[in-house]
Amino acid sequence: MPILNIVNLKKYYGKDPQTTVKALDDISLTVEKGEFVAIVGTSGSGKSTLLHMLGGLDRPTEGKVTVDGNELFAMSDEKLTIFRRRSVGFVFQSYNLVPILSVLENITLPIELDGGRIDRTYLDEVIQALGLQSKIHSLPGSLSGGQQQRVAIARALATKPSIILADEPTGNLDSKTSQEVLILLKQMSEKFNQTIVMITHNESIAQMADRIIRIEDGRIVSGNATPSGARIL
Amino acid sequence: MIANNNRKIVTRLSLRSLRVSPLRNLAVISAVVLTTLLITSIFTMSLNLNKSMELTMMKSVGTDFHGSFKRVSPEQIEILQQHPSVKEYGVMLHAGLLRNEVFRDSPVEVKRIDEASARHSFIHLIEGGLPEAGNEVVLSTWVLDKFGIQHALGERVQLDIDITERVLKQEFVVSGYYEADKNLAIAGLAFVSDAWVQQNISGIDPAESEASGSYVNTQEMSVMFKNAVDIEKKLDKVLADTGVNRPTGVNWAYTTSSLSDNLIEFVPYVAVIFIIMLSGYLLIYNIFYISVVRDVKFYGLLKAIGTTPRQLKRMIRIQSQILYLIGLPFGLAAGYVIGRLLTPMMNTFSSEPMEAAYSASPWIFIGAALFAYLTVWLAAGKPGRMAARIAPVEAVRYTGVQTTRRRNKRSKRGGRLHVMAFTNLFRSKKKLSLMLTSLSLSIVLFSIIFTVIGSLDVNKYLSTFLSGDMVIRNEKIETHEGERPGDPYKLSEAFSSDLERIDGVKSVEKVYYYYDIHDMDEKIRAVLQPLSETEPPQPYLTSLLERNSVYLQLYGIDPGWYDLVQKDVIEGHFDPQKFASGDYVLVAQSLMWEEDTYTSYYHPGDIMEFKNLGKSYEVMAVMNYDALYAATTQSFSTYGFNAFFPSSELTGELPAETNPPWPLSATLHIDPDKLDSATQAAKSLAASSDELVVKSREDYREELDGFIGVFQIIGYGLSFVIALIGVLNYINTVVTGVIMRRNEFALLESIGMTKRQLKKMLVYEGIYNVLLTTAITSTLGVFLTYSIAKSIAGNTAFTVFRMSWLPFVLVVPVLAIIAYTVTLSSYRMLSKATLIERLRQGE
Amino acid sequence: MINSTVPHPRRLRYLFSAVFLLLLIGYSGTILYLEGFSPALLQLTLLFLIAVLGTGALYNRVLQRQLTGFMDTVEEMVDRAIHGREQLTLFDETRLSSLEHKLLRYIEMGKANEHNLAAEKNMIKELISDISHQTKTPLASVLLYSQLLAETPDLSPDTRQLVEQIGIQSEKLDWLITSLIKLSRLETGMIHLQSEVRPVAATITSALSHLYTRAGNKNIIINIDCDPLTSARHDYKWTSEALFNLLENAVKYTEPGGSIRITAEGNEMFTRIEVADTGIGIPEDELEHIFRRFYRGHNAREVEGIGIGLFLAQKIISIQGGYITAASQPGQGSRLTLYLPQL
């Protein structure tokens, strides 16, 4: 069952044909439920732009993005935001955390925005697993880059969303921690049947994925546009 | 169904956001305080004014009782007071009139009153209490003065009380006395005890005395209802319910002093409030706008995580409400205090002298709070909507590629900073014109007010009261109600010659006065008769028509006054030589009953017959009703008018029955070198007579300075506020502009422009702005200021138009400095990391 | 709806109603007392009371309706989610929408688990196939070589015995593995039984055919009492194997000279096939355990066997909707009865 369906996605900047920047140049892609897809590409290739489109952060110039049967850009701003809140977990490359909230408040932010109950047991598990117990009342300003990244990951897992979109989530982490975080992500995603789309330039991490998609100049250059069979444990 | 309970998180985000921007909070709170303060003070002042007017009215009437039942018997009083709508009542018994010689021309009524009546008649005893024994009496201070008695208890006074059938002469003891304004009430009052009434007039039948018109021993019962609405109806209802049938009276102070009658009076208030709200709105809007623009990344991130547009809007709204609540009490309190302090000054503007009364109505605060809230609500609305519409991708965008390219101007000379600056200016024509307009407007307004205030001229003002350097007036003539003892002829020929002989006195110009009971002729009738037929009938007019006369004031003026005639002429033309011949009269307009209505019965060329002068004159010109103000008694008779003749006409031959005119005043024109000595001499000459009062320019000037001072404070204050608002808006616009363009700046920096060059370009832009503004203000602005200020100054009695160049000169340097500093500091603020990045380390 | 931190809702309602009534009556009473009991006032007060109470009751009704309406909506939402129908709400800022989303997520995760389990099952099936394939060849080789070894001339009696043992144990192993594979196939549902209504006589005969020799060797008489028309719904091949296991046991555990009687009879719902022997019997306390995997009775220890036969047989029969019962008298014999569905 495809959870993500991208059809002819284009993102162009600028009106003048000579100076137009084609961030995404006609991309079509399908991702199955529960898949772990890695997106690789050189910088400026458009991978971040693609990820943003998947989460409805930015509007395309052309094209459709359908997530779990919902056409993203046909939804109103209000509904799109609520969709993101409930169904998507974001990990950005930088500037992930709301500076005026503590670590714990940051992690529970999407839950609280939805007025939902906080599953303390589950959250404690995640916080423990990411090694953040001692920092939960600190402000983001007092954390290192790596710690902030981990908090972002905790937040992305907090609502057990259907999709996790991560842009270089292990960029600030050392290799050992990177491995651990990835394993945690994979475990969680299997348990809760989550789909992961992750941008990375780290080959070993990309290998952990079910599928690797390579993007260059706004186009997919390798990696199937459609998934290759069921996942093998 | 069932809304999400996510209020807590939105509130938490709002509160935390507040905590990190103390400066912005302070700015908003200040704006709120300022707005609230201004609105509250306006409300306070207007309500105080209203109350003062009411109070003054009531003091004229003599009481603040709502209404009264006239000539009621004790039994009727008993019945009436039981009526449920009568909340309070007082009973006054008319005992008679004082016939003492001193009161020949100013009537004093003798009454017996109770405590309630005293209270409601503004009789506050300075010492003592109401009379109880048969020989006790309560008098007012001016009555005591007339008797020449000290203001003390126990003083003995002989009163001749006329009870119609006879005059009772009895010695009384002052049991109490109170302060009263002789001129405000129509008749003076003296109070005797019930014991005296029982002893002397209880035998008189009230019905008889009513029929005869003396009203001795009749009682009047005044009542207070729950409120002053429909007093007449209430009185009638009481009569109907109780079956009593007696005439009623309504306190006209209540019906004539409501503000709602003249809605036009409201317009300036509404305009001022609107301006205040507008400036408050602009300030607060700009502050929030900047705040949102600065924190775009923050809001973008919130949206990316799942904060809906509605929630973001609520964040801004909550912040604005909290800041409003913090600033509100200060604004209300300060505004009320200022309003109270300024009220006395406002009172001096009204034509009648008013006592200041203060209102502490909660509506002041409720109203001001509501208006202030409305301002804040509106001001935070748009920034809230802006925050709501921020694209979540802003969170991840750092410097970002320019998403909307505007028309790229390619010019060969491009790259030179000042040219870039110039082009930048015209990028958004709308924004540019808006800013220029608001700034120029502020400057123009400022200069107009400044000019007008600067044109305040004491001398001109003085010239309405005083044409020469000093004036000696015979006070006796001035007043009509109750007279001062004295000789109306004090300013005799002999006296004038003495004055002339004083060293330094150049000339003595006299004015003669005659109070003329003039028969109505067809011309006068033609105007008055139709007036009397309109509803409601005006009693005074009716009585005049019955008596077929109007009251005129005739003035004989010395040639020295002729120069001042022309400026007051409305119809016709003044020819001094012809006038001096004595066949002509100058007629002023008549004051009608309705305020500010003047008509002239006559027109140039008409012939008027003055029986009491034994001659007819041709009307040479018609003048303003208050023409030659300085020469007149400064009072005007309704339906009558002033008429001016050469002095010779009044001092010359007159019919036998006519009393000689009174010399009203002598105006001295003094050689400036001998001013002091001459003034001294004149003063000592006049000191010997009680009736003569000397006033020099200096005396008037002192009186005036206070008055002008008030004007200046308000005027300069207002212009300062306006200028401040204009400047603040300008600052806001500049800062906003800089912040909005930060992406552009980053781009420019990335393609090679150094920070120094960027700063220079911005400074150029600022300078161009200033130049453009100066261009507008120095042309259009000067023109507007000149024409508007001139017309204002020309029309007011005490201004001489003086163009003030100061504002225009100041504009350039002040604006330039502001532009320079603000531009640079906002740029510096940009380069320093934004709020968000400041809180982030180690990235 | 009862939460320990929230006071009992009904009691709360009563409390509020009481306070409300008290206030109304108190106020009306006071007013009447103060202003005098004029008829106009009395009427007005009465009217007022009625109006307020009426409005209150109406409001209450409306609230109740709203509440039930809400619960109905929730129920519908759950139904839709369970049956995979279209969502009721779509990303609304309401608690209902939040709840629905949670529910759907949960159901989705459940489905995924199912999916995973299915995948795992498949894996196991393939494993079984692999095992059976892989072990076949080596085992066959072992059997072959032991036979060959047995046929070698000039073997000392001791060696011959050893070789015999190897052969016996290899056969045992072979049978064990085969049975286990059969078992796992049955348990994982890899085997599809084709049940059809047919006469049981052929099935019985087929099962017996493999045993005649052995029975004959032990001089055991086999009697069959079966109406050719007696039929049952069963898979011919597998039921035959199950019967075979039963019969094999009977043969194994009956002394030479004994007899085995097979009876087949059709009833209302089931067809009975009884296998009665005159064997060593099963003690009472062991009767309930005989169908367990690898179970071997105490008495049976001396006889060869692994203990899977009955287990397998029961599996086969129960898959077809039937069951097996056992009765026995130690020393006299056992009677195992197969029940198969008629239709």
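In helix 11 of chain B, the buried residues are Val296(B), Lys297(B), Phe298(B), Tyr299(B), Gly300(B), Leu301(B), Leu302(B), Lys303(B), Ala304(B) and Ile305(B). Good morning. The structure under discussion today is a predicted model. Next in the chain after helix 11 comes Gly306(B), whose phi is positive, near 130°.

Let us now turn to the contact of chain B with chain A. How many residues does each chain bring to this contact? Chain A supplies 36 residues, and chain B supplies 34 residues. Between them, chain A and chain B bury about 3,400 Å², and carbon and sulfur atoms give 59% of that area. On the side of chain A, Tyr95(A), Ile100(A) and Leu113(A) account for 23% of the area buried against chain B, more than any other three residues.

The rule finds 5 salt bridges across the interface of chain A and chain B. One of them joins Glu112(A) to Arg12(B), with the closest N and O atoms 3.0 Å apart.

Which elements of chain A give two or more residues to the side that touches chain B? They are helix 2 (77-87), helix 3 (103-113) and helix 5 (145-158) of chain A. Helix 2 of chain A provides the largest share, 7 residues. Sorted by class, this side of chain A has 15 nonpolar, 11 polar and 10 charged residues.

I come next to the contact of chain C with chain B. Here, 9 residues come from chain C and 8 residues from chain B. The two chains bury about 720 Å² between them, 54% of it on carbon and sulfur atoms. Within chain C, the residues that lose the most area to chain B are Phe70(C), Glu93(C) and Arg95(C), together 71% of what that side buries.

How many salt bridges does the rule find across the interface of chain C and chain B? The count is 0. For polar contact, the rule finds 1 residue pair across this interface, with both residues at pLDDT 80 or more. Helix 2 (39-82) and helix 3 (95-151) of chain C are the elements that give two or more residues to the side touching chain B. Helix 2 of chain C gives the most, with 4 residues. By class, that side of chain C has 2 nonpolar, 5 polar and 2 charged residues.

Thank you for your attention.

Conventions: Residues numbered from 1 in each chain as written. Chains lettered and ligands numbered in written order. Predicted model: local features only at pLDDT ≥ 70, side-chain atom pairs only at ≥ 80, totals over all residues. Heavy atoms only, no water. Contact = heavy atoms within 4.5 Å. Buried area = accessible area lost by both parts, 1.4 Å probe. Salt bridge = Lys/Arg side-chain N within 4 Å of Asp/Glu carboxyl O. Polar contact = N/O pair within 3.5 Å; in protein donor to acceptor, adjacent residues only side chain to side chain. Nonpolar A, V, L, I, M, F, W, Y, C, P; charged D, E, K, R; others polar. Buried < 20%, exposed > 50% of the residue type's maximum accessible area, 1.4 Å probe, protein only.
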